[in-house]
Amino acid sequence: MIDAHHHIWLQKDLPWLLGPEQPRIFGSYRPLMRDYLLPEYIADTDETGIEKSVYVQANWAPNWAADEVAWVQEQAEAHGMIAGIVGFADMTVADARPALDRLRPHALMRGIRHQFHWHRNPLYRFASDPDLCRAPQVQANVARLADYGWSFDLQVFPSQMEGAAELAAACPEVTFILQHAGMREDRSKDGTRLWKDGLKRLADCPNVAVKLSAFGTFIHRNDPAFIEEMIVTTEGIFGADRCMYGSNFPIEKLWTSYADLFAAFREGAKGLSKKKQNAIFNDTAARIYRL
């Protein structure tokens, strides 16, 4: 089985972990203000059946993007487990190819994530502009990932999904992986409708898949019933062959153990056929990330 979304980090390399705490989506992160290295992640996943994982960039300083990938490649060679790396490159520059070329030598490179999620609540805001997906230079740079054989991890809120679908349509040769099933932060009737409509719009793009991950981000707990709702709803829109499981560890270590989180996901998917479960927990990630 595959965990398609995890992070390891060195505290010194994450400026947002240094000094006094700043408000974050996921609440107080004081327990995370330390190194979280691959051996600890391997121990956290022990006895879950996880055999491979995809490392997703952890917001090192932008000018250290190549250093991050190089370090993760070294960790993978030393300890195993990591079978693919999603690195960072700034997609808003005039031409991202020089940055992409610096990542190309690393054998485990599989894709890029530049987080585009913007929200009216500044605590949830990561990008500087809500419409980056529509920016011509962003569309041009993301389209260039096809030349590298890399995918794009797409992180947006439901209100941005219309623009995200335009980006996917503008880059038909690039596979997109929607992060965290679309960052559903508003569980009201209207918010749920917006989220579902956005998922359907993205599912209409054949080059978009979705990651079932980080469902505790806005509620700050491991909620099996909510996880089941998210799995069933998202799979019903995308189909299991475009859904993959991800843990978002160690962020979710703030409120749960890996074993309990994974058990909640397995339980949440139990109503699906065995074939669909295999797709969600292994086959989709293996195919899309070429593991």
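The questions and answers below walk through selected features of this predicted model.

Q: How far from arginine 110 is the nearest side chain of opposite charge?
A: Arginine 110 is found in strand 4, which covers residues 109-113, and this arginine is buried yet has no salt bridge. A salt bridge would need a side-chain nitrogen of Lys or Arg within 4 Å of a carboxyl oxygen of Asp or Glu. For arginine 110, the nearest side chain of opposite charge belongs to glutamate 77, at a distance of 11 Å.

Q: Which residues is arginine 110 in contact with, leaving aside its neighbours within four places in sequence?
A: Arginine 110 is buried, and its place is in strand 4. Once the neighbours within four places in sequence are left aside, the residues in contact with arginine 110 are Ala83, Gly84, Ile85, Gly149, Trp150, Ser151, Tyr289 and Arg290.

Q: Which residues of helix 5 meet helix 4?
A: The crossing of these two helices, helix 4 and helix 5, is right-handed. From helix 4, the residues that take part are Val138, Gln139 and Val142, and those they meet in helix 5 are Glu166, Leu167 and Ala170.

Q: Where is the residue that meets arginine 134 in a salt bridge?
A: The side chain of arginine 134 meets that of glutamate 166 in a salt bridge, with 2.9 Å from N to O. This pair links distant parts of the chain, 32 residues apart, with arginine 134 in the loop between strand 4 and helix 4. Both are partly exposed, since arginine 134 has 34% relative accessibility and glutamate 166 has a relative accessible area of 34%. The place of glutamate 166 is helix 5.

Q: Is methionine 81 buried or exposed?
A: Methionine 81 lies in the loop between helix 2 (65-79) and strand 3 (82-87), and although it is not a glycine, its phi is positive at about 75°. Its relative accessible area is 16%, and the cut-off for this class is under 20%. Methionine 81 is therefore buried.

Q: How does histidine 220 count by its relative accessibility, and what is the value?
A: Histidine 220 also has a positive phi, of about 60°, although it is not a glycine. Its place is in the loop between strand 7 (208-212) and helix 8 (224-238). Histidine 220 counts as partly exposed, with a relative accessibility of 35%.

Q: What is the omega of the cis peptide bond at proline 250?
A: Proline 250 is placed in the loop between strand 8 (243-245) and helix 9 (258-268). The residue joined to proline 250 by the cis peptide bond is phenylalanine 249, and the omega is about 15°.

Q: What distance separates the C-alpha atoms of glutamate 267 and proline 224?
A: Glutamate 267 has its place in helix 9 and is partly exposed, with a relative accessible area of 43%. Glutamate 267 and proline 224 are 43 residues apart along the chain, and their C-alpha atoms are separated by 7.6 Å.

Definitions and conventions
Residues numbered from 1 in each chain as written. Predicted model: local features only at pLDDT ≥ 70, side-chain atom pairs only at ≥ 80, totals over all residues. Heavy atoms only, no water. Helix = DSSP H or I, 4+ residues; strand = E, 2+ residues; numbered from the N terminus. Buried < 20%, exposed > 50% of the residue type's maximum accessible area, 1.4 Å probe, protein only. Lys, Arg positive; Asp, Glu negative; His and termini not counted. Contact = heavy atoms within 4.5 Å. Left-handed = near helix turned anticlockwise from the far one by under 90°.
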